[in-house]
Amino acid sequence: MYFSINFKKIINISCSYILSFIFILECRSIWLSIPVVSNKLYAFLFLLLTITAVLRLLTMPLDRIGIKKASLYSAIISVFFAMWFIATRYYGLIVGLRHLATVIIIIFSYFSSVKKEKFRLFNIYKQIILFIVALSLFFWLFGSILGIIHSTGSVESTWTGKENVITLIPTYYNIYFETQNIYVFGTSIIRNTAIFTEAPMASFHFSLAFLIELLVNKKIKIKNLLLLGIGVLTTTSTTGVILLLFNIVYYLIVDGRQGKIIKLLTWILFPIVF
């Protein structure tokens, strides 16, 4: 018996996992706010993103109309970026160009994909988020809430909203971080922020994965929806709860799901890239 190995498919799927993970890390993960490693990590992720995106495009069928859309969107974004950069000088030129290039690479990676590849990318992203949710719920419940597991140390973070202000963030094995708390009836409760700098970003990812599970998959797994829903609730994010309700309402009223799902996810993801 002979077995044929489809190396192009293996490379494509591997690249999709890497791209999804980079997208998650770029969305305000705590590691990118650690002063000692942030600059080197940004540079490494940009290099890895570029190589991975090119390899993925070379190992899959391309959507020609999508490429034209990506070119148009990239041109528009570049013009707005130039205007914003001249007006604010918020970033240095090199850092600003790197951010712009990252956005353009993500846009081309997404819009150049045919529908089948988009669905694959969405499901891979969802699988990674499910793992992050499960891990964060474990440490949030047994560490942050019950105190059975104790923090293993702390990391320095610059994500405070104030320039040059460094905050010590408690961490559990550097895979779960306690970045925010909230007061409920006078009692301080740690918010589940997972690997992110703030609860709203964790809630966004959990809610997006919930939407993908609810609308993209032909067979919905209730356990995944419950896990993601609980994850959103533990972030104590009002926006997250609203997104959950929106997802459910959209699911109940939508017809002709596949075409509308792509459009819906596109409009949700597009602003977040920035």
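This is a predicted model: local features need pLDDT of at least 70, side-chain atom pairs count only at pLDDT 80 or more; totals for chains, interfaces and linings use all residues.
Buried here means under 20% relative accessible area, exposed means over 50%, and partly exposed is in between, with a 1.4 Å probe and protein chains only. With that in hand, here are some notes on the structure above.

Residues are numbered from 1 along each chain as its sequence is written, and side-chain values use heavy atoms, with hydrogens and water left out.

1. Cysteines. Cys27 is buried, at 8% relative accessible area, and Cys15 is buried too, at 5%. A search of the whole structure for disulfides, defined as pairs of cysteine sulfur atoms within 2.5 Å, finds zero.

2. Side chains of opposite charge can pair when their charged atoms come close. Taking a salt bridge as a side-chain nitrogen of Lys or Arg within 4 Å of a carboxyl oxygen of Asp or Glu, the count is three. One of them joins Glu198 and Arg28, with 2.4 Å between the closest N and O atoms. Glu198 sits in the loop between β5 (187–190) and α6, and Arg28 in the loop between α1 (7–26) and α2 (38–58), so this pair ties together parts 170 residues apart in sequence. Helices here are DSSP runs of H or I with at least four residues, strands are E runs of at least two, and both are numbered from the N terminus. Glu198 is buried at 14%, whereas Arg28 is partly exposed at 38%.

3. Glu117 and Arg120 meet in a salt bridge at 3.6 Å, N to O. They are three residues apart in helix α5 (residues 115–145), so about one helical turn separates them. Both Glu117 and Arg120 are buried. Lys126 pairs with Glu213, the closest N and O atoms being 2.8 Å apart. Lys126 belongs to helix α5 and Glu213 to helix α6, so the bridge ties together parts 87 residues apart in sequence. Lys126 is buried at 6% relative accessible area, and Glu213 is buried at 0%.

4. Helix α6. This helix covers residues 199–215, and its 17 residues should span 24 Å at 1.5 Å a residue; the end C-alpha atoms are 24 Å apart, which agrees. The expected span is 1.5 Å times one less than the number of residues. Of the 17 residues of α6, 16 are buried, so the helix is largely enclosed by the rest of the structure.

5. The nonpolar cores. A nonpolar core is a set of buried Ala, Val, Leu, Ile, Met, Phe, Trp, Tyr and Cys residues joined through side-chain atoms within 4.5 Å. The largest has 42 residues, and those touching the most other members are Ile24, Tyr125, Ile129, Ile132, Phe196, Phe206 and Leu228. At least two residues of this core come from each of α1, α3 (64–88), α4 (93–111), α5, α6, α7 (222–234) and α8 (238–253). Helix α6 gives the most, with 11 residues. A second, separate core has eight residues, among them Leu19, Leu25, Leu49 and Ile105.

6. Leu228. Contact means heavy atoms within 4.5 Å. Leaving aside residues up to four places away in sequence, Leu228 touches Ile129, Leu130, Val133, Phe206, Ala209, Phe210 and Glu213.

7. Thr179. You will find Thr179 in the loop between β3 (176–177) and β4 (181–184); Thr179 is buried at 18%. Its side chain makes a polar contact of 2.9 Å with the side chain of Thr193. A polar contact is a pair of N or O atoms within 3.5 Å; within protein, one must be able to donate a hydrogen and the other to accept it, and residues adjacent in sequence count only if both atoms are side-chain atoms. A polar atom of the Thr179 side chain also lies 3.2 Å from the backbone oxygen of Thr197.

8. Helix α4 and Arg98. The 19 residues of α4 should span 27 Å at 1.5 Å a residue, and its end C-alpha atoms are 27 Å apart, which agrees. The buried residues of α4 include Gly96, Leu100, Ile105 and Phe111. Arg98 also lies in α4. Not counting residues up to four places away in sequence, Arg98 touches Asn39, Tyr42, Ala43 and Phe46.
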